[in-house]
Amino acid sequence: MKNVKVAVIGGGVVGVSTAVCIAEALPSCSVTLLAEKFSPDTTSDIAAGIVFSKQFPDVPLERQKRWFQNSFDHLLAIAQSEHSPEAGVLLSSGWQVFREVPAVKKPFWSETVFGFRVITDMELKRFPGYKFGQAFTTLKCECSNYLPWLEKRFRKAGGQVVQRKVDSLQELSTSYDIIVNCSGLGSRTLVGDPEVYPVRGQVLKVEAPWLKHFIRDGNGFSYIYPGVHSVIVGGTRQQHDWRLQVDEKDMKTFMENCIKLEPSLRKAKVLSEWVGLRPGRKNPRVEKEVVVMEGRRVPVVHNYGHGGLGVSLAWGTALDALGLVTQCVHEMSPQAKL
């Protein structure tokens, strides 16, 4: 079947990844990426971009492992290629430390990252007040580089980019055969999903070129992630908080916590302050449904609700979304109706 028109909604890392996967794998589809905002104005641009995961309660573990493995493999291939500097994807090593010994000492994603191990007592002395730690090498993806690079790849595959706000799926129902919803937090209003909610994140970009290894408190509230040009220091994880203004009290609190982890941060020069709203959800929604719009049955594929794990899972869930779009295309073919 030729020229199936596909609309992908969302200019963040999940939306652009999904659009690339569809455009490259399904040449019979004409893919348009629509969003109100693109890089550098997306929440993904604010993301620290360190690749690891957590376990969602209601998603089969094998599916979560596949999401993470596929995303890691995709980013690793970029990090080991000539595209690494332009795409902003690099290997990153460091420590995750805990004030109490966690119930799960070896998370499922530890099988994918490199050199995962429990740190020694000697290493732990560097982090007073912490009782347990893990060391590993993973990937860091700087979305301010990665998103424009992906968008260029999307255009090369024949994709079209349209900057516009989509207020309802009905707006697209007469122009497109399949709609792919990667609108993140926007899904709360776009598809009326009350399960998606904002998780406010505030971070600092600082100049500290002497820092080469990441440090992350296992609680997720204090982290130091060195990148190519700067170091991300954070942060906050405030659920159901819609504030986009910088909160000086929050900044002071997480900076003090991070200085305890890395005292040399006192000498770091602050470059910028950022706030973004992560699309929180109990579980990511990666599924298809058929919606009746303007008298037509329109297939809709959803891929949103990754919380703070958009970078870590985007390519894996994009491949799942691609599989669902492929099913929709097959169901539209004349042979499928015989």
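The expected span of a helix is 1.5 Å times one less than its number of residues. I wanted that rule at hand before opening the model, which is a predicted one.

**Entry 1: helix 7**

I started with helix 7, residues 248–261. With 14 residues at 1.5 Å a residue, the helix should span 20 Å, and its end C-alpha atoms are 20 Å apart, so expectation and model agree.

Next I asked which residues of helix 7 are buried. My list reads Asp250, Met251, Phe254, Met255, Cys258, Ile259 and Leu261. These cover an arc of only 160 degrees around the axis, which puts them on the same side of helix 7. I reminded myself that an α-helix has 3.6 residues a turn, so residues three or four places apart point the same way. I then turned to the other side of helix 7, where Lys249, Lys252 and Lys260 are exposed.

I also looked at how the helix begins. Aspartate 247 caps the N-terminal end of helix 7, with a side-chain oxygen 2.9 Å from the backbone nitrogen of lysine 249.

**Entry 2: aspartate 193**

I moved to the loop between helix 6 (187–190) and strand 8 (197–207), where aspartate 193 lies. Is aspartate 193 buried or exposed? I read a relative accessible area of 6%; buried means under 20%, so aspartate 193 is buried.

What does its side chain meet? I found a polar contact of 2.5 Å between the side chains of aspartate 193 and tyrosine 304. Leaving out residues up to four places away in sequence, I noted that aspartate 193 touches Ser187, Arg188, Arg281, Arg285 and Tyr304.

I traced an open sheet of six strands and wrote down the order 6-2-1-7-15-14, with mixed pairing. Strand 6 (160–163) and strand 14 (285–293) stand at the edges; each has a single partner strand, so one side of each is left without a neighbour in the sheet. From one strand to the next I get an average twist of 20 degrees.

Strand 1 (residues 4–9) and strand 7 (residues 178–181) run parallel, paired over four bridges. Valine 6 has isoleucine 178 of strand 7 as its bridge partner.

I then looked at what lies across the sheet. Helix 5 (residues 143–156) lies across strand 2 (29–35) and strand 6, and runs at about 125 degrees to strand 6.

**Entry 3: strand 5**

How many of the ten residues of strand 5 are buried? I count nine in strand 5 (residues 132–141), so this strand is largely enclosed by the rest of the structure.

Strand 5 has antiparallel pairing with strand 3 (residues 89–98), over ten bridges. There, valine 89 has cysteine 141 of strand 5 as its bridge partner. Strand 4 (residues 114–118) also pairs with strand 5 in the antiparallel sense, over three bridges. I found valine 118 opposite glutamine 134 in strand 5.

**Entry 4: serine 168**

I went back to the loop between strand 6 and strand 7 for serine 168. At 22% relative accessibility, serine 168 counts as partly exposed.

I finished with peptide bonds and phi angles. The bond from serine 39 to proline 40 is cis, with omega near 15 degrees. Proline 40 sits in the loop between strand 2 and helix 2 (61–79). I noted another cis bond from glycine 234 to glycine 235, with omega near 0 degrees. Glycine 235 belongs to the loop between strand 11 (231–234) and strand 12 (238–239).

For phi, I wrote down histidine 240, a residue other than glycine with a positive value near 60 degrees. Histidine 240 is in the loop between strand 12 and helix 7, and at 55% relative accessibility it counts as exposed. Glutamate 294 is not a glycine either, yet its phi is positive at about 50 degrees. I placed glutamate 294 in the loop between strand 14 and strand 15 (296–304). Glutamate 294 is exposed, with a relative accessible area of 58%.

Terms used. Residues numbered from 1 in each chain as written. Predicted model: local features only at pLDDT ≥ 70, side-chain atom pairs only at ≥ 80, totals over all residues. Heavy atoms only, no water. Helix = DSSP H or I, 4+ residues; strand = E, 2+ residues; numbered from the N terminus. Buried < 20%, exposed > 50% of the residue type's maximum accessible area, 1.4 Å probe, protein only. Arc of directions from axis to C-beta. Polar contact = N/O pair within 3.5 Å; in protein donor to acceptor, adjacent residues only side chain to side chain. Contact = heavy atoms within 4.5 Å. Pairing = 2+ DSSP bridges. Axes fitted to C-alpha atoms, helices over the stretch in contact; angles between N-to-C directions.
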